[in-house]
Amino acid sequence: ISAYARAEPAGYPPRPPPSGPRPRNPEFVAAAAAGTNLWVGNIPFEWTEDDVRCFFGQHGEVASVKVLLSRQTGQPEGAALVNFTFPSDADSVIEALNGQVLEGTNRPLVLKHASRRGPGAAASAASP
């Protein structure tokens, strides 16, 4: 039996074995290094990339947006990556909106600088 053999949820094809680290978008890597890329959690599940861009565009110049989708379902996870043109915009958005509860939700926004994922990223993200 293969080391990668595992039961998949009903209706999903079997996953291929990992072939190494996934390639990273060079634009995201550069933005994370520059401090302009934010991870935003607890956004409404129904928000599209345009909704996120419009909301955060009120607080700074947004260069790009990516709404994060679940790998299993393809549905929005309630999180997004928002890349600002200037690091000062990213910092001021965190200061202004982190912990704010959006109208119609009961979850506070969570904003933090995104970093490139790599070995040990999950462990460092879990530590306080």
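Trainee: Which side chain does the side chain of T36 make a polar contact with?
Mentor: That of N83, at 2.9 Å. A polar contact here is a pair of N or O atoms within 3.5 Å; within protein, one must be able to donate a hydrogen and the other to accept it, and residues adjacent in sequence count only if both atoms are side-chain atoms. Keep in mind that this is a predicted model, where local features need pLDDT of at least 70, side-chain atom pairs count only at pLDDT 80 or more, and totals for chains, interfaces and linings use all residues. Residues are numbered from 1 along each chain as its sequence is written, and side-chain values use heavy atoms, with hydrogens and water left out.

Trainee: Where does T36 lie, then?
Mentor: In the loop between α1 (26–34) and β1. Helices (H or I, at least four residues) and strands (E, at least two) are DSSP runs, numbered from the N terminus.

Trainee: And is T36 buried or exposed?
Mentor: Buried, because its relative accessible area is 5%. Buried means under 20%, exposed over 50%, and partly exposed in between, with a 1.4 Å probe and protein chains only.

Trainee: What about N83, which residue stands opposite it?
Mentor: S64, with N83 sitting in β3. β2 and β3 run antiparallel and are joined by six bridges. Two strands count as paired if DSSP finds at least two bridges between them.

Trainee: How many residues are between β2 and β3 in their hairpin?
Mentor: Six, and G74 in that turn has a positive phi of about 80 degrees.

Trainee: What's the strand order in the open sheet?
Mentor: β2-β3-β1-β4, four strands with antiparallel pairing. β2 and β4 each have a single partner strand and stand at the edges, so one side of each has no neighbour in the sheet. From one strand to the next, the twist averages 20 degrees.

Trainee: How many bridges join β1 to β3?
Mentor: Five, with the two strands running antiparallel; W39 stands opposite L81 of β3. β1 also pairs with β4 in the antiparallel sense, over four bridges, and there V40 has L111 of β4 as its bridge partner.

Trainee: How many of the nine residues of β3 are buried?
Mentor: Seven, which leaves β3 mostly covered. E77 is found in β3 (residues 76–84), and E77 is partly exposed because its relative accessible area is 44%.

Trainee: What does E77 touch?
Mentor: F45, L68, L69 and S70, leaving out residues up to four places away in sequence. Contact means heavy atoms within 4.5 Å. E77 and F45 are 32 residues apart in sequence, yet their C-alpha atoms are 6.6 Å apart in space.

Trainee: Switching to helices: which residues of α2 are buried?
Mentor: V52, F55 and F56, in a helix spanning residues 49–57. Looking down the axis of α2, its buried residues fall within an arc of 85 degrees, so they line one face of the helix. That arc is taken from the directions from the helix axis to the C-beta atoms. The face turned away from the buried side of α2 carries the exposed D50 and C54.

Trainee: What do the buried residues of α2 pack against?
Mentor: β1 (37–41), β2 (62–69), β3, α3 (87–97) and β4 (110–113). α2 lies across β1, β2, β3 and β4, and runs at about 135 degrees to β2. α3 packs on the sheet too, touching β1, β3 and β4, with its direction at about 150 degrees to that of β4. For these angles, axes are lines fitted to C-alpha atoms, for helices over the stretch in contact, and the angles run from 0 to 180 degrees between N-to-C directions.
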